[in-house]
Amino acid sequence: DNKHIHVYHLQNRSKFNLTGEINVETRQDGQAYVVAATHLNRTVTLSADYSIQPQEYKQHSRLELSPEVWIGYDFSLINKTTDNIFDVEMFLINISYPRRNFSAQGFYNISDSLVSTDILLVWDKDNKSVEAALDWRKIALHRDEIKLLFKHPSFEKDVMLMTNYGYQKSSLEGQVIIDYSSNPEQKVTFEVRGEDKSKGPTYNYSYNIFAEHKATNLYLNCFGHVHWSPRKCGTEYIADYKKSFLPLSRSVALVKVDFDLNDVVLKVSSNAMHGTIFRDPLGTCRGKSMV
């Protein structure tokens, strides 16, 4: 199927003279298009085609402004599913223009208890590359594990971020590990836990945060709770912290509010100082501190 169009200035064709052509070819498994527009001595061409196979879809496009200026891409989507448990597909993408080429390939694998993907990007003639992979799976009831992996030739080793987390009706806990070096002491560990201990009209939440990095002698253990009731509320925070050559230190903060007595107590304590502030029912603030 061919179509032509010609638009020009009635009095002066050299001022504006545009011709266009559209060619459409229908095939058994797809179609191909070619669109060309010419103005004066310059022609712009856009070509595209696609095909649909039982397990694969392919598409190609190319935009050409001149023989030396163009850009094109190829895309393929392949269905590799073989059963009703896993949904598996793979894709290929290639983008090219003069003296440069980018290609990517990847896949995903999905089931009721697993999500797995991998993407590889390659560019230039010397095949520079970077790769990323994700694996998310259910390892037990109310417990999941996620692994994120990065690969690059400049890395000492593959960089991995791994986390697993679990949850119950009134609690949540998780761990994150960052492993980026062949030295095990460079591994970073981060953990968090939270629990809801509320009963009736009283809200009570506790938490714990832990972090460790042996290479820098980093240690952090922070825990505390927050509670509220119609008569009282308050929070307590305790943190043990150590880094590099500094000694282990502890910081404590406590806030209590008594609505019935209209009383407020604030306590702060660390290795460097201690302090307490009271506000009595008469509105008078009293305090003491010690360095």
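**Labels and their cut-offs**

Modeller: Arg-250 has a relative accessibility of 40% and is called partly exposed. Keep in mind that this is a predicted model.

Colleague: Why is Arg-250 called partly exposed?

Modeller: Buried means under 20% relative accessible area and exposed means over 50%, with partly exposed in between. The 40% of Arg-250 lies in between, so the residue counts as partly exposed.

Colleague: What makes Arg-250 and Asp-240 a salt bridge?

Modeller: A side-chain nitrogen of Lys or Arg has to be within 4 Å of a carboxyl oxygen of Asp or Glu. For Asp-240 and Arg-250 the N to O distance is 2.6 Å, so the pair meets the rule. Asp-240 sits in strand β17 (residues 232–242) and Arg-250 in strand β18 (residues 249–258), ten residues apart.

Colleague: Is Asp-240 buried or exposed?

Modeller: Asp-240 is buried, because its relative accessible area is 11% and the limit is under 20%.

Colleague: What do the side chains of Lys-157 and Asp-179 form?

Modeller: Lys-157 and Asp-179 meet in a salt bridge, with 3.2 Å from N to O. Lys-157 lies in the loop between β11 (143–151) and β12 (159–167), and Asp-179 in strand β13 (residues 171–179), so the pair ties together parts that are 22 residues apart in sequence.

Colleague: Why is Asp-179 called buried?

Modeller: Asp-179 has 14% relative accessibility, which is under 20%, so it counts as buried. Lys-157 has 29% and is therefore partly exposed.

Colleague: How many salt bridges does the rule give?

Modeller: The count comes to ten salt bridges. One of them joins Glu-56 and Lys-58, at 4.0 Å from N to O. Glu-56 is partly exposed at 22%, and Lys-58 is partly exposed at 41%.

Colleague: Which residues form the nonpolar patch on the surface?

Modeller: The patch consists of Ile-22, Val-35, Leu-46, Leu-63, Leu-65, Val-69, Ile-71, Ile-95 and Tyr-97, and together they have about 660 Å² of accessible area. The elements giving two or more residues to the patch are β5 (56–66), β6 (69–79) and β7 (87–97).

Colleague: Where are the domains, and what separates their centres?

Modeller: The domain assignment gives domain 1 (1–53) and domain 2 (155–274). Taken over C-alpha atoms, 66 Å separate the two centres.

Technical notes:
Residues are numbered from 1 along each chain as its sequence is written. This is a predicted model: local features need pLDDT of at least 70, side-chain atom pairs count only at pLDDT 80 or more; totals for chains, interfaces and linings use all residues. Side-chain values use heavy atoms; hydrogens and water are left out. Domain bounds come from an automatic or database domain assignment. Patches are made of residues with over 30% relative accessible area and no salt bridge: like charges are joined within 9 Å, nonpolar side chains (Val, Leu, Ile, Met, Phe, Trp, Tyr) within 5 Å. Accessible areas come from the Shrake-Rupley method with a 1.4 Å probe; for residues, only the protein chains shown count as cover. Helices (H or I, at least four residues) and strands (E, at least two) are DSSP runs, numbered from the N terminus. Buried means under 20% relative accessible area, exposed over 50%, partly exposed in between (1.4 Å probe, protein chains only).
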